[in-house]
Amino acid sequence: MSKISRGANFNSGNSRSVQTLSLPDLPYDYGALEPAISGEIMRLHHQKHHQAYVTNYNKALEQLDSAISKADASAVVKLQSTIKFNGGGHINHSIFWKNLAPVNEGGGDPPKGSLSNAIEKQFGSLEVLVQKINSEGAALQGSGWVWLALDKEFKRLLVETTANQDPIVTKGSALVPLLGVDVWEHAYYLQYKNVKPDYLKNIWKVMNWNYATQVYEKECI
């Protein structure tokens, strides 16, 4: 399989000045994260699930544009939840793909530098942090995400969960996502069935801490 190149996330829409989303390309092959995450899961997750969020968001955005032009307040209000859900799905998954990397490209390597120091200072060790994230993920009822985030206001790290496709910013405007772990069943069920703790354990073998460190150093100024 040829390498999947990176791409832009936005294209010009056809409805007046509406800017529609497009599916971002992955920087690695679908099978590059095996055995931690199967190629079949990655293909379906990216091509079907993420694509559906993009498609549904674009459709809702064009409907919103039409409703606004008609001053249809009722329609505008009804579309808000659809836009939030699908827009959040796009935002979260766009981060998730960057949070992962093949082992031969640094996936699973522990964080270094300032982020490593911050983790040790706040949580005691990387192992304690990973255990906390895994516990939060295993305990999350229904579908959602577990995040390692930076609170820019207080310059501290925190572990937070969000329901459904809510992005981390819904928990606070100062929160910046460093790592997001998808705990929707579509992220693991084909491979791990109902044993979510095994998925949470193995995903760290392909976690891209280099990306998290770059975001942390950029935002923690």
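Helices (H or I, at least four residues) and strands (E, at least two) are DSSP runs, numbered from the N terminus. The structure shown is a predicted model, in which local features need pLDDT of at least 70, side-chain atom pairs count only at pLDDT 80 or more, and totals for chains, interfaces and linings use all residues. Residues are numbered from 1 along each chain as its sequence is written, and side-chain values use heavy atoms, with hydrogens and water left out.

**View 1. The whole chain and its order of elements.** The protein comprises seven helices and five strands, which follow one another along the sequence as β-β-α-α-α-α-β-β-β-α-α-α. Its C-alpha atoms fill a box of roughly 55 × 45 × 30 Å along the principal axes.

View 2. Residues 22-101 are 71% helix and 0% strand, with end C-alpha atoms 22 Å apart, while residues 111-213 are 40% helix and 23% strand, with end C-alpha atoms 7 Å apart.

View 3. In the loop between β2 (19-21) and α1 lies P35, which is joined to E34 by a cis peptide bond with omega of about 5°. Helix α1 (residues 39-69) has 31 residues, and the 44 Å between its end C-alpha atoms agrees with the 45 Å it should span (expected span being 1.5 Å times one less than the number of residues). A kink of about 30° is centred on H45 of α1, where the bend at a residue is the angle between axes fitted to the seven residues ending there and the seven starting there.

**View 4. From α1 into helix α2.** The loop between α1 and α2 contains A71, which takes a positive phi of about 55° although it is not a glycine. Helix α2, with 26 residues, reaches 38 Å from its first C-alpha to its last, close to the 38 Å expected, and has a kink of about 30° centred on L79.

View 5. On a 1 Å grid over the protein atoms alone, a pocket is an open set of points where a 1.4 Å probe fits, with protein on both sides within 12 Å along at least five of seven lines, and lining residues have an atom within 4 Å of a point. The largest pocket holds about 340 Å³ of space, a volume being the space filled by probe spheres set on grid points that are joined across faces, edges and corners. Its lining has 18 residues, of which A101, E105, N208, N210 and Y211 lie nearest the centre. The elements that give two or more residues to this lining are α2 (73-98) and α7 (209-219), with α7 supplying the largest share, four residues. By class the lining has nine nonpolar, four polar and five charged residues (Ala, Val, Leu, Ile, Met, Phe, Trp, Tyr, Cys and Pro count as nonpolar, Asp, Glu, Lys and Arg as charged, and the others, Gly among them, as polar).
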